[in-house]
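Please look through the model shown here.

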Amino acid sequence: MDLKRTPLYDFHVANGARMVPFAGWDMPVQYSTGIKAEHLATRNGAGLFDVSHMAQIEISGTGANAFLERLTPTNLSAIFEGQVRYSFFLNDTVGVLDDLMIARLDGHLHLVVNAGRTSLDITHLRQNLDDNTHMNFNEDRALLALQGPNAAEVLNNLGLDLDGLQFMDFRRFDLAGTPLVVSRSGYTGEDGFEISIFNDNAQSFVNQVLKNENAILCGLGCRDSLRVEAGLSLYGNEINENITPIQAGLSWALDKNRLDDENLNGSNILSEQLMGTKGIVKIGITPVNKTMLRNNM
């Protein structure tokens, strides 16, 4: 099977990235600096990740809220203009079909879903669309993540006024004529930003970011080590179609008022699990030495 490539593929190769297959894409797992150096650079400065393999989907129309509330345990009316929330697509037994981000901008709902679940998610959405709801798959946009304690300073130095952009806010920006959509969110346990940008503008933006000595390119290798260290779940590992959000320790992302909503499949199961009948639970393990923890089951 031919692997898909992000708009920055040639840039990654030119910058010494080791490319690997991931969820149907040819992605950089690390650069010459190595995973450990990239991990520490993100914790102490700013790491720049190409996450354009993740799909960006726009939902619009008068039925958009009701449409997504049939598919997720989120109260869509509580996501106000310029906000983003973490959510899930659930199956009939409230296993996680995918975890995703939902934002509202210009009255429309903007979704970011996992690369390995994109085809399933789009099919799932299309099967549930009604005449009052429209879906657009934004294939003309790249997605970048700038993460770390110096991430805000790096973007400010480029000329972005981040004043008032709080955690889980979502806003349009203009950078010298280049339109950006920026959320203050991420997947590393650090302060950070996820930047949606037209494909043709992506490399120029990356070049500008990397002029800052605090920012370095990072691959999927340290993205995984960072999220494990921060205790964040990854689809296909801590969550899947047989694991519910509550079993995965993600009950904080559920809108508890939705558990009495007849439109939400499996709400009774979620209610039971919140009362303590979880069956399984996710726990964290801290190693006592440098030995790598492995699952031998």
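Contact means heavy atoms within 4.5 Å. Helices (H or I, at least four residues) and strands (E, at least two) are DSSP runs, numbered from the N terminus. This is a predicted model, in which local features need pLDDT of at least 70 and side-chain atom pairs count only at pLDDT 80 or more, while totals for chains, interfaces and linings use all residues. Residues are numbered from 1 along each chain as its sequence is written, and side-chain values use heavy atoms, with hydrogens and water left out.

Helix H7 spans residues 220-229, and its buried residues (under 20% relative accessible area, with exposed over 50% and partly exposed in between; 1.4 Å probe, protein chains only) are Leu220, Gly221, Cys222, Arg223, Leu226 and Arg227. Their cover includes helix H2 (35-44) and the strands E1 (18-22), E2 (25-30), E3 (46-50), E9 (141-147) and E13 (215-218). Just after H7, glycine 231 has a positive phi of about 75°.

A nonpolar core is a set of buried Ala, Val, Leu, Ile, Met, Phe, Trp, Tyr and Cys residues joined through side-chain atoms within 4.5 Å. The largest one has 31 residues, and Leu146, Leu162, Leu180, Phe193 and Phe205 have the most contacts inside it. Apart from it lies another core of 23 residues, including Phe88, Phe170, Ile239 and Ala248.

Serine 60 belongs to strand E4 (residues 55-60). Serine 60 counts as buried because its relative accessibility is 16%. Beyond its neighbours within four places in sequence, serine 60 contacts His108, Asn132, Thr133 and His134.

Alanine 176 sits in the loop between strands E10 (170-175) and E11 (178-183). With a relative accessible area of 82%, alanine 176 is exposed.
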